[in-house]
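Good morning, and thank you for coming. Please look at the structure on the screen while I take you through a few of its features.

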Amino acid sequence: MFTIFRKKDQPAPQGETVETSTVTPTAATPPVVSWRERLFGGLARTRAQLGGRMKALFSRGKVDDELLEALEELLLTSDVGIEATRFLLDNLKARAKKEKLETPEAIQSALAAALTELLAPLEQPLDVSQHQPYIIMLAGVNGAGKTTSIGKLARYFQAQGKSVLLAAGDTFRAAAREQLIAWGERNHVAVIAQESGDPAAVVFDAIHAARARKIDIVLADTAGRLPTQLNLMEEIAKVRRVIQKAEASGPHEVLLVLDANIGQNALAQVKAFDQAIHVTGLVLTKLDGTARGGVIAAIARQCPKPIRFIGVGEGIDDLRPFVAKDFVDALFA
Ligand SMILES: Nc1nc2c(ncn2[C@@H]2O[C@H](COP(=O)(O)OP(=O)(O)OP(=O)(O)O)[C@@H](O)[C@H]2O)c(=O)[nH]1
Ligand SMILES: [Mg+2]
């Protein structure tokens with residue numbers, strides 16, 4: 001297989017590795033609103049479900065059994081999960097014993113502190129400086145947001161002065177390849193793709209191309225799959241093994257992309273993908289479309305993995321590293 005440049009409207013020959021590159025870069029439009037504002041806007045539904053209702057409870061002005069019971073029910077019905085709910089209630093009770101929580105503001109800030117304590121261990125930003133190329137593989141169920149997250153990540157890393165190469169490892173659907181190529185064009189980065197065939201081979205080629213060109217980061221897309229589709233889970237395990245063959249120290253990051261809308265189901269997905277491909281980090285997408293953002297607390301307690309990035313919209317700048325305090329602030333704002 002060899003690499004060729006393909007003009008935009010020229011179809012790639014069957015089975016051949018192709019590379020696209022941008023012909024006419026256009027100036028990127030700067031974001032009009034800050035990330036803080038987008039995070040705040042993105043969490044509106046979860047805030048209404050969780051933060052807003054908590055505020056109503058706190059207006060009682062004391063931490064008593066009635067408040068604890070109502071809070072427990074609210075947390076359990078907001079995807080927080082039983083273990084994280086217990087942690088938060090115990091933590092709040094301990095704080096109430098130590099400090100005087102006699103105003104709604106004091107109770108709210110105590111619970112916010114408890115939630116920040118719960119989420120803080122998940123805040124572990126990705127350090128891509130340890131390897132070149134730094135190989136990041138993305139996996140997840142159908143429609144979780146893998147391909148669009150790759151586009152956003154490409155933009156994010158480029159803004160930090162890193163060079164990026166995309167590997168179109170979703171060879172399952174032609175449209176998937178085209179989607180990634182479109183993202184690559186928008187970000188002015190090369191995409192290594194194959195007209196058909198083996199996803200592992202595409203990723204293998206991409207790693208060699210990246211090494212030859214001294215590219216900083218390889219982002220490898222994969223086709224969506226359910227953990228119950230055993231043959232597809234085996235396929236993705238193979239992609240991981242082949243990456244390791246191409247680069248013994250890789251993959252340096254295995255990101256599981258989770259759609260926040262799935263709520264508690266996220267826990268099962270983390271466990272299943274972890275078993276197959278050894279997940280090292282999470283991307284939590286679509287927080288803007290859901291009231292189920294509370295699932296982040298359940299993840300922290302039941303299957304803690306670093307949340308590398310969160311997504312709060314479809315725009316290219318709507319994906320950023322997870323910062324526990326900012327998240328909690330936006331929830332209670
Ligand atoms: N609102 C919102 N939409 C998002 C976000 N992230 C992804 N999406 C949308 O979710 C849809 C699916 O995203 P894709 O990136 O194609 O998902 P995928 O995991 O690659 O899907 P498959 O390749 O089919 O498995 C698209 O319409 C995205 O624009 C987000 O953070 N917020
Ligand atoms: Mg995709």
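Helices here are DSSP runs of H or I with at least four residues, strands are runs of E with at least two, and both are numbered from the N terminus. This is a predicted model, in which local features need pLDDT of at least 70 and side-chain atom pairs count only at pLDDT 80 or more, while totals for chains, interfaces and linings use all residues. Residues are numbered from 1 along each chain as its sequence is written, chains are lettered from A and ligands numbered from 1 in the order in which they are written, and side-chain values use heavy atoms, with hydrogens and water left out.

I begin with the backbone. D79 sits in the loop between α3 (65-76) and α4 (82-98). Although D79 is not a glycine, its phi is positive, at about 70°.

Where are the cis peptide bonds to be found? One runs from Q132 to P133, with omega near -5°, and P133 belongs to the loop between α5 (104-119) and β3 (134-139). Another joins G250 to P251, with omega near -10°; P251 is placed in the loop between α9 (230-246) and β7 (253-259).

I turn now to ligand 1. It is surrounded by 20 residues, each with a heavy atom within 4 Å of the ligand. The closest are K146, T147, T148, D288 and E314. Helix α6 (residues 146-159) supplies the largest share of this shell, with 4 residues. By class, the shell has 3 nonpolar, 10 polar and 7 charged residues; Asp, Glu, Lys and Arg count as charged, Ala, Val, Leu, Ile, Met, Phe, Trp, Tyr, Cys and Pro as nonpolar, and the others, Gly among them, as polar.

Which atoms approach the oxygen atoms of ligand 1? A polar side-chain atom of K146 lies 2.6 Å from one oxygen atom, and a backbone N or O atom of G143 lies 2.9 Å from an oxygen atom of the ligand. For G224, a polar backbone atom is 3.4 Å from an oxygen atom of ligand 1. On its own, ligand 1 has 660 Å² of accessible area, of which the protein covers 81%, as computed by the Shrake-Rupley method with a 1.4 Å probe.

Key
A polar contact is a pair of N or O atoms within 3.5 Å; within protein, one must be able to donate a hydrogen and the other to accept it, and residues adjacent in sequence count only if both atoms are side-chain atoms.
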